[in-house]
There are 2 protein chains.
Amino acid sequence: MLTELLAQFNVADKSGQNRLVYNAAWQANQQRLIQLGQEFGAKVTVDDYGSVYLDFPGSQPGLAVATGSHMDTVQHGGQYDGLYGVLGGLCAIEQLRQTYDRPRKTLRLIAFSEEEGSRFPAAFTGSKFYLGQPQTQPLLDDAGISFETARQQAVTPLQALPQVHTKRPALPATFTELHIEQGPRLKLAHKAIGLVTGIVAQRRYVVTVHGQANHAGTTPMIHRQDAVQRASALMTHLYDVAQQGSASLTFTIGAITVHPNVDNVIAGECRFTVDCRDETDAKLTQFTQQLDACVAADPQVTLTPTLTVSATRLSHALLRQNELLAQELGLPYEQLFSGAGHDSQIMYTAVPTTMLFVPSDNGVSHCPEEHTSAADLAKGVALLAASLYQQAY
Amino acid sequence: MLTELLAQFNVADKSGQNRLVYNAAWQANQQRLIQLGQEFGAKVTVDDYGSVYLDFPGSQPGLAVATGSHMDTVQHGGQYDGLYGVLGGLCAIEQLRQTYDRPRKTLRLIAFSEEEGSRFPAAFTGSKFYLGQPQTQPLLDDAGISFETARQQAVTPLQALPQVHTKRPALPATFTELHIEQGPRLKLAHKAIGLVTGIVAQRRYVVTVHGQANHAGTTPMIHRQDAVQRASALMTHLYDVAQQGSASLTFTIGAITVHPNVDNVIAGECRFTVDCRDETDAKLTQFTQQLDACVAADPQVTLTPTLTVSATRLSHALLRQNELLAQELGLPYEQLFSGAGHDSQIMYTAVPTTMLFVPSDNGVSHCPEEHTSAADLAKGVALLAASLYQQAY
């Protein structure tokens, strides 16, 4: 069933998936999920942010056991990031219901409205809203459309569908997020399952290197203040510092902007971004202190922090349960840290939360080439189903 | 007169001068020059490329003595580059005519249509056309307008003005180009005049560093092919190599383009430009051989040449005459090489040619801050007038 569902919810397009929150493709998919949930007999809720909750009621009262992920993608994204956790979760629940009928505890499948931060400059708005943290800053997308306008235009029709509830359900007893790894570790280690111990601390900066724009032919070398020359030396130094740091540190300069960026003009300014992550806040601070020191040493360089996210330790108890289940099912697994952010780091602030990873072919993600084999996808669903069974039946 | 003329031919705008060849501002200025020439009694010619020739006929037959420069500017250019040589040349001729009346040899003021290469990807099209070398490649500007279309729309109305000749005049006996230095040397040396011995050899390249785009958080450092990391190391190395090379070498990385250029994605490709110049082709080749070797050593890097210009030695005889005149006039001077390209390097291939530089305040050019004092401008005009007098009276 999962392969067919993925084909229905994805588009066949070389430019990949472009389900930015509240756009037409996003809206069509949330509607498709609502209809599917109703066909399966679920109680369907769409909250004011457009997150969809499919509740399969249990025979006993009490908090739900929840699974799910997000419906949105990055621009030119892949077929699995987010969507696998939604449709894989639905498949796991359906397998259990067909085999064991009604659960003891309510099973809840969640498709969060937004996680990627790829349309508006804010991420995790879906899971944060579920936790009672609405977006309060005015946000605009690249076309100048506000978050509020886009949200109302997309969510109102979904909430107006027949048999759709709109009151955000109570928080669940636990949350399990099934997701592709988005890195190469499981594939390289020949493991079927990643049991996620936590999610990295992350900090981002913009480094601005100042110079003096001038003519590339008429300005003698000794009279230059070449921003690219300074920036390339600094970038090289920072890569060296990062390489000598913590083994779990990642350090990336992903974007460079030069002004005026003309081949025969000495650069007056060169900006570059820094994205650094590590397993603990303390380890990451070790690196960022070195970054601060490098910059403080040069009056021609300024450092602007743009993002700070603390490390998250996910539920050890749930991880241990899943470890035993993986052993029972004969699924090779390893524990790993997530280098990417996930809804789970938001959910974990209020609910015992765990994540299950499946391998990503060639470790690539956030691009049309993102791929996981049907067999690998099925193993993740099998472990999730075992975990939901243990908790809800 | 020069200060008033410069004010008439320039716009008062913080974004600087934007007389890209064949645009409205360019066309208005060539028309203004034609009218001014006619008021001064010159025979006016506009050739098919829009270069304007003002001939002040001599009493004797024979080749003309010519001066001038180009009418176009770079985007956001200054008030002096090109235009000073046109209007300063006109002032020199008018001073001579008012003092000494009709010359023995014809004096010719030339305003070449285009030199900067800032609208279409070709430079020196005005002076090349004068030498019988029309532009044969189809060229488009950023708006998709062809060189041919732009040229005809701008030049036809100029050629249709009353009393305007359209037949390209014969080449002159000599050509002297008055120009701002565009660098800091004269100012630093407290010299009024630069006698230009030659124009640098110049080569430009695009260096493409290949990598593998991937997720900045989930890809372990040892599994990365980070194009920015490779490129910053290579750029730093090339700056080092350049610093250890010839004292007259200039080396500039002016533009960098990263793909996809997103802060949380490892770069899949990083391109940067190289602009290198030296006084002789042999000296420049010493550096470019090292550049070739650096690139050949790394299969992930490709090097694409985009421009090759040989060094030009200008007329030694004319320089020596101007040196003696500068001494007579009591103008402090020094000989120097031009690090920028000029129409003179084209003219010199067919006509004995020399250049006179005046100081550039703070050595800045190709920007609205470009400036030379009225006193410094006048000294250049004085030396040019002395040279034209010596040759034409």
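# Briefing: a predicted model of chains A and B

Pro260(A) sits in the loop between β11 (256-259) and β12 (265-266) of chain A. The model is predicted. Chain A and chain B bury about 4300 Å² between them. The points below cover the interface, the helix packing, the salt bridges and the backbone.

**Interface between chains A and B**

- The size of an interface is often given as the accessible area lost when the parts come together.
- For chain A and chain B that area is about 4300 Å². Carbon and sulfur atoms give 56% of the buried area.
- Chain A puts 52 residues into the contact, and chain B puts in 52 residues.
- Two salt bridges are counted between chain A and chain B.
- Asp263(B) and Arg204(A) pair through their side chains in a salt bridge, at 3.7 Å from N to O.

**Helix α7 of chain A against helix α7 of chain B**

- Helix α7 (residues 227-243) of chain A packs on α7(B) at an angle of about 125°. The two axes are 8 Å apart.
- α7(A) and α7(B) are therefore oblique to each other.
- The crossing of α7(A) past α7(B) is left-handed.
- From α7(A), the contact uses Val228(A), Gln229(A), Ser232(A), Ala233(A), Met235(A), Thr236(A), Tyr239(A) and Gln243(A).
- From α7(B), the partners are Val228(B), Gln229(B), Ser232(B), Ala233(B), Met235(B), Thr236(B), Tyr239(B) and Gln243(B).
- The residues of this α7(A) and α7(B) contact divide into eight nonpolar, eight polar and no charged.

**Helices α7 and α8 within chain B**

- Helix α7 (residues 227-243) of chain B also packs against helix α8 (residues 281-296) of chain B. The angle is about 155°, and the axes lie 11 Å apart.
- That angle makes α7(B) roughly antiparallel to α8(B), because angles over 145 degrees count as such.
- α7(B) passes α8(B) in a right-handed crossing.
- On the α7(B) side, the contact is made by Leu234(B), His237(B), Leu238(B), Val241(B) and Ala242(B).
- On the α8(B) side, Phe287(B), Gln290(B), Leu291(B) and Cys294(B) take part.
- This contact of α7(B) with α8(B) counts seven nonpolar residues, two polar and no charged.

**Helices α1 and α3 within chain A**

- Helix α1 (residues 2-9) of chain A crosses α3(A) at roughly 140°. Their axes come within 10 Å.
- That angle makes α1(A) oblique to α3(A).
- α1(A) passes α3(A) in a right-handed crossing.
- α1(A) contributes Leu2(A), Leu5(A), Leu6(A) and Phe9(A) to the contact.
- α3(A) contributes Leu83(A), Tyr84(A), Leu87(A), Gly88(A) and Cys91(A).
- By class, the contact of α1(A) with α3(A) has eight nonpolar residues, one polar and no charged.

**Salt bridges**

- Side chains of opposite charge can pair when their charged atoms come close.
- Over all chains, the structure holds 26 salt bridges.
- One salt bridge joins Glu94(A) and Arg97(A), with the closest N and O atoms 2.4 Å apart.
- Glu94(A) and Arg97(A) are three residues apart in helix α3 (residues 83-100) of chain A, so about one helical turn separates them.

**Backbone features**

- Chain B also has a cis peptide bond, from His259(B) to Pro260(B), with omega near 5°.
- Pro260(B) lies in the loop between β11 (256-259) and β12 (265-266) of chain B.
- His76(A) has phi near 55°, a positive value in a residue other than glycine.
- His76(A) is placed in the loop between β3 (65-70) and α3 of chain A.

Notes. Residues numbered from 1 in each chain as written. Chains lettered and ligands numbered in written order. Predicted model: local features only at pLDDT ≥ 70, side-chain atom pairs only at ≥ 80, totals over all residues. Heavy atoms only, no water. Axes fitted to C-alpha atoms, helices over the stretch in contact; angles between N-to-C directions. Helix = DSSP H or I, 4+ residues; strand = E, 2+ residues; numbered from the N terminus. Parallel < 35°, antiparallel > 145°, perpendicular 65-115°, else oblique. Left-handed = near helix turned anticlockwise from the far one by under 90°. Contact = heavy atoms within 4.5 Å. Nonpolar A, V, L, I, M, F, W, Y, C, P; charged D, E, K, R; others polar. Buried area = accessible area lost by both parts, 1.4 Å probe. Salt bridge = Lys/Arg side-chain N within 4 Å of Asp/Glu carboxyl O.
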